[in-house]
Amino acid sequence: MKKYIICVCVLVVLAVMGWYIYYGLGVYVDLHPDVPSATFMKADGDTIYMMRDGAYQPFEIRGVDLGVGMPGEWATDFAIDQQTYLRWFGYIHQLGANTIRVYTILHDDFYNAFYAYNTQREQAGEEPLWLLHGLWVDDYSHNSHKDIYDEGLLPEMIQDGKTIIDILHGNRFLLGWDGDGGGFYRHDVSRWTLGYILGVEWEASLVTYTNQMHYDKTSYQGRYMATTPEASPFETALAKLGDELIAYETQRYKQQRLVAFSNWPTTDPFRYSLVTTTYRFKNATINVEHIQPTQAFISGYFASYHVYPYFPDYLQTEIEARQYTQDGLERIFGENQVGAIQHRIALLNAPSPHDYLTDGDYYDAQGRLNTYYAYLKALNNFHTIPVVISEYGVTTGRGRAQIDENTGRNQGFVTEDQQGQYLIECYQDIMNAGSAGSCLFSWQDEWFKRTWNTLHAVDLLNTPYWSDYQTNEQFYGLLTFDPGSEQSVCYVDGDPGEWGEEDLVWSGQGLKLSMKYDEKFLYFYGEGFDPDSQTLYIPLDTSPNTGSTYCQNYQIGFERPCDFVAVVDGEADSRVMVQERYEVLKSTYWESYYVDDPYIDPPERDSPVFVNIDLAMKLGEIVPRQDISQPMGQTYETGKLRYGNANPDSPQFDSLADFMFTENGVEIRLPWQLLNFSNPSEMMVHDDYYAHYGIEDIQIEEMYVGAALEGAQGRLRMASVALEGWGKDVTYHERLKQSYYILQQYWAEHPLSYGKEG
């Protein structure tokens, strides 16, 4: 009996070990080495094809990039459940898209939902959703001391790529370590997988460092991919990556599918003028034409780019650079520096985008000067393989970081209606330029994101727990998350019906002020004045260590030091002002905008001067001037308030509206960061910048508010309002943006054709 038990235990242990070796480690034995590989996708020339009805037919990738963020969760929490994915897949299909792109290994909920959704679609005789799968590289490895040949990069990418292939074929188990998803991947979804986009938006520093450290690695000959004689060491590493993964799927699963390497303008295959190279830091190239498929790779190879209309707009910079002569550049930079930069450009051994453009290519179908379209045209004219723009988008965030000089498709401060129209225009530019497909970024808004011109102002360890409307990076989605389980606590729409006595926080001299807040805004309702003829001032005291008891701009006194004054002065001239010592732009970016160093001679603690609230846009001119005592950065006034109806259910809905008048008052909503809250979920605000030589946070339990009309005398009484954070317990509800319906209508009018060409 003992022997029997021992034998059974041994067999169980061996079975478990075998199961783990096969499903956990991906070890396999090829029992059918002579079986030929198959593919249902091919790329030829500038076109991608799909096998349908026994023949390869043209296929347009019309996709949506799907992130992993949810309110209250980090990306690495993989918090989206199967039912949510199923619901979203339906929305995406109804939008008119045919493809989803994901960036990394997700939890098994995604693949289970994808399998269930497509199985149901096929059983109903309907078109499934297709998948482009990415291969992610973590930020540390990408921005550290490593080059791509380091053990933590190329070998890990190859292993992760093999894991992805196993996952898509339903043959993997993962514990979810190292920031990846996890679970039992038991469903084969490979038949709906178009291909792989390998890598990320590579930093130029990593590319350059790799090329310098491994200057002798310029050749790779694999069975499925090989380099040309012009290949760089970085491109050689990519060739090895692609070849290894194609080989793995070919040998283990007898299948092949499309392959691309992620790229973006920062490492595009072109060289530019000295001005563009210097200002835009264009110091590296990745040319995937230096990586060629062999005849054994029967599927296809395409070029993948992330291209947005506003940054980096190299061709616009090229136009602006024409004003500088060689002599002028030498006077500005110095002859030696000009020579050094030109030598660096020559070392790139790259063509100019202008070699692939005509004068007419700079103008789009509307006849506008459009450098975005021209850049897309240059990419398509340059490549001998299909080009897919796998990221393009416009954000509806209130904050703005970049401007599209020619078409207004800016990075931020764009309404939901404008987002829809701009996405259509981007899509038209992409397809008119000859691209084989596109994926818009992104499906959903993501609260955890940050933007370069606001990241200094927020607590980066707690960004998922509030919706920061000033951080434009959070609002690229077609699906947004509004605060509140079913609806928000307030909608600024001119209807005061949602305000009650319990919201009243201050009253006096015939005025009343009510207040409430949620995960995105502070809301105010001021009543008892004539919006057509009177100006309302709402002083706000948030920080206990800053502020002034007098605002000389409007000649108003307060009983306690105030940090901000919201000025409601008609539809066109209302704004929030900040006491000059509490101005975050000056404390952080003074070199770019102010002549004097404020830390040497800081504003007085009780200065009566209140200034506009500006947001950084550019930190300097394209070419530095010799007179460096005059900063040349660009800003815009983010404290200026926009009039309109902010209720999504209104036909007049304006997603950027900050305030709207009622019969005898005004409703206002102010984003938290505009008032220097770094983390409202815990009620953290900026402390005195000049007491800490920079931004330090302090927690508050109350703020003080008041109200006054123009000409008010004496010191205005202020009322305390208790503030309680919500910690990590956020509320939200989904809402499809107006842009979703606008794009849906356009794509319905331009349906995808799955029939034979012609």
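Strands S13 (residues 303-306) and S14 (residues 387-392) pair in the parallel sense over four bridges, where pairing requires that DSSP finds at least two bridges between two strands. This is a predicted model, in which local features need pLDDT of at least 70 and side-chain atom pairs count only at pLDDT 80 or more, while totals for chains, interfaces and linings use all residues. Residues are numbered from 1 along each chain as its sequence is written, and side-chain values use heavy atoms, with hydrogens and water left out.

**Strand S13**

**Helices H9 and H12**
- The axes of H9 (residues 314-321) and H12 (residues 371-382) come within 8 Å and cross at roughly 110°, which means that H9 is roughly perpendicular to H12 (a term for angles of 65 to 115 degrees).
- Leu315, Gln316 and Ile319 in H9 meet Thr371, Ala374 and Tyr375 in H12, where contact means heavy atoms within 4.5 Å.

**Helices H13 and H16**
- H13 (residues 416-432) and H16 (residues 738-749) pack at an angle of about 35°, with their axes 7 Å apart.
- The residues that make this contact include Ile424 and Tyr427 of H13, together with Ile742, Leu743 and Trp747 of H16.

Terms used. Axes fitted to C-alpha atoms, helices over the stretch in contact; angles between N-to-C directions. Helix = DSSP H or I, 4+ residues; strand = E, 2+ residues; numbered from the N terminus. Parallel < 35°, antiparallel > 145°, perpendicular 65-115°, else oblique.
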